[in-house]
Amino acid sequence: MADIIQLLPDHVANQIAAGEVVQRPASVVKELMENAIDANATSIKLLVKDGGKALIQVIDNGKGMSGTDARLSFERHATSKITKAEDLFQLTTKGFRGEALASIAAIAHVGMKTKQDHEELGTAITIEGSKVISQDTVVTPTGTSIAVKHLFFNIPARRNFLKSRTVEMRHVNDEFQRVALAHPEISFVLHHNDSELFNLPASNYRQRIVNLLGAKTNEKLVPVEESTEVLAISGFAVKPEFAKKSRGEQFFFINQRYIRSPYLNHAVNAAFEGLLKEGTHPSFFLNLTVDPQTVDINIHPTKTEVKFEDEQTLYAILRAAVKHSLGQFSITPALDFEMSQSFDTPYNYKDKVVGSPKVEVDPSFNPFKDDYQSGSRTNITTSKAQSLKTQSTSWESLYIGLNDTNSLEQGTALEIESKASNETLFEDQSIEGHTKTYQFRKKYIITSVSEGLLVIDQNRAHQRIMYETFLKHITVQNGVSQQLLFPLQLNYSNTEISLLAEVQPDLEASGFVFTKFEGDNLEITGIPAAVLESEVSMILDQIIADLNNEIPEHSFSQADMLAKSMAKVLSIKSGKVLNSQEQEHLVNSLFACKETMLSPFNKPTFITLTHDELERKFM
Ligand code: ADP
Ligand code: MG
């Protein structure tokens, strides 16, 4: 039989390699920016159109390339960064594989202009799908500019796999942030379509973080410094009271390279132990410097995972350093999170006249009345509507959606009628005055129906109720809004604001009224009737966290996601004592839902123990 093995032609090999290097526009951004840094640029500009689908351009003022190098740089395994295998263990550059430009040129239209400082004229090259279209001598400033268009033009399957512009832009943004955080000494600019998202001057590390994440960040940072023989640490941790629901702001850099390391993450988490509110994650920006010989960054094609020689020592040093900083900078021990909720909301009463504090007395308040009154719902009242709300018991949130009339704004106390409670659900045991429901372990509501016994998970049931209510409000656009007496000022980072902007119309449909939605500042003058002012930042944090986490999944509608986030935050949790009226209403509201069996997160809301099953157990 004839020989059948052949060497793949270069353009095919390049396309295959491209699959590993370039997953999406953000991968191109990473490679091009890293090349610019390796070329000793002090100023790097990133221009992006349509989330990178239409254009990714990186312009640097680095050392540039000669005409020959410019042409060679697009060959596979063409690199100026290593010459022998041993160099791999002494890496001081980001790149070393010599694959990036070849891969990108294999699957896109690339235009490069480059000039070295001592040259009069530079070189311009155009390449499409590995084919050199042109090479000319041109007038161009010192440095390199590379424009990548029509990404995946020759691989429709990959092109179709790309997410929406917004999602791709989010990845680009993440990549930009990582590089910018690793190199505060370099100035960076990011443009998307026609707007400038970031303009970061060369600065110190603290300023870089603040410029990226918003002015309010400054006061939240605690420096972390440690220097040992094997490892130097420098950077910042965010005070535990500002911990976020998302893991979005956790950054490790090893020798100025962004890395992911669940193991090191664990070390930082351990340092925060006992200081964090449940469900929140610490934020940190930590630069680790180690001898390049002790770390292998070569185990992952996109190079964010690393292997260390002596992991345990790194773990111990890192944990101790972070713990020490938190202790030294007087982080309050064991915070009472329930009580301090209103303090960690960065309300900004700018322009407000300072007066003597008013004391509001609630004559109907009885501390012994009910367990739930001292629960997690804060009683700080900031508007008339809200004070009415809190006075007229705190459980009417259970009823939103069933009572859509906006009695709050007319200044009358909410009157709740449990309309559905006479319905057939409880038919078989309507012996007057008898409890029809029973709460078990502050978690389940047990009730009997004609078929047998129902055990309802109170949290999941309420999630379902809230979810359907909000979804209805958002999609039918009839969310009832309560006006705030004082506008609420909230600060978020640019990135967080742009995340929220994705769902702004839906937020408005659900009852939010925004008067400012820009930079790192949100001003809110109205909120959904079912929401307390003190819950607003919690809800927005949750939405940001969910939008962040949603990236890898196929995204459903924004409205759906939003309703889920709100339901998650606002639903009553297990551990909450409910009186019999509340229990009953929860049950009725659940069975008034379109879907009763499942929570919005597809978990069962209740189980049934049928009469037969019961009988059998007694046989
Ligand atoms: P690697 O970075 O792994 O060496 P690349 O394919 O990213 O591989 O780049 C190939 C070579 O092209 C680099 O080694 C470098 O010599 C040159 N190069 C790429 N981008 C630039 C740039 N912005 N400025 C100067 N030289 C560059
Ligand atoms: Mg490179």
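**Exercise 1.** Determine whether glutamate 249 is buried or exposed, and find which residues share its network of salt bridges.

*Solution.* Glutamate 249 has a relative accessible area of 13%, so it is buried (buried means under 20% relative accessible area, exposed over 50%, partly exposed in between, with a 1.4 Å probe and protein chains only). Next, the side chain of glutamate 249 meets that of lysine 244 in a salt bridge at 3.8 Å, N to O, where a salt bridge is a side-chain nitrogen of Lys or Arg within 4 Å of a carboxyl oxygen of Asp or Glu. Finally, Lys244, Glu249 and Glu496 are linked in a network of salt bridges.

The model is predicted, so local features need pLDDT of at least 70 and side-chain atom pairs pLDDT 80 or more, whereas totals for chains, interfaces and linings use all residues. Residues are numbered from 1 along each chain as its sequence is written, chains are lettered from A and ligands numbered from 1 in the order in which they are written, and side-chain values use heavy atoms, without hydrogens and water.

**Exercise 2.** Find the salt-bridge partner of arginine 165 and state how many residues separate the pair.

*Solution.* The partner is aspartate 50, with the closest N and O atoms 3.8 Å apart. Arginine 165 belongs to helix α6, while aspartate 50 sits in the loop between β1 and β2, 115 residues apart (helices, H or I of at least four residues, and strands, E of at least two, are DSSP runs numbered from the N terminus). Arginine 165 is partly exposed at 48% relative accessible area, and aspartate 50 is also partly exposed, at 26%.
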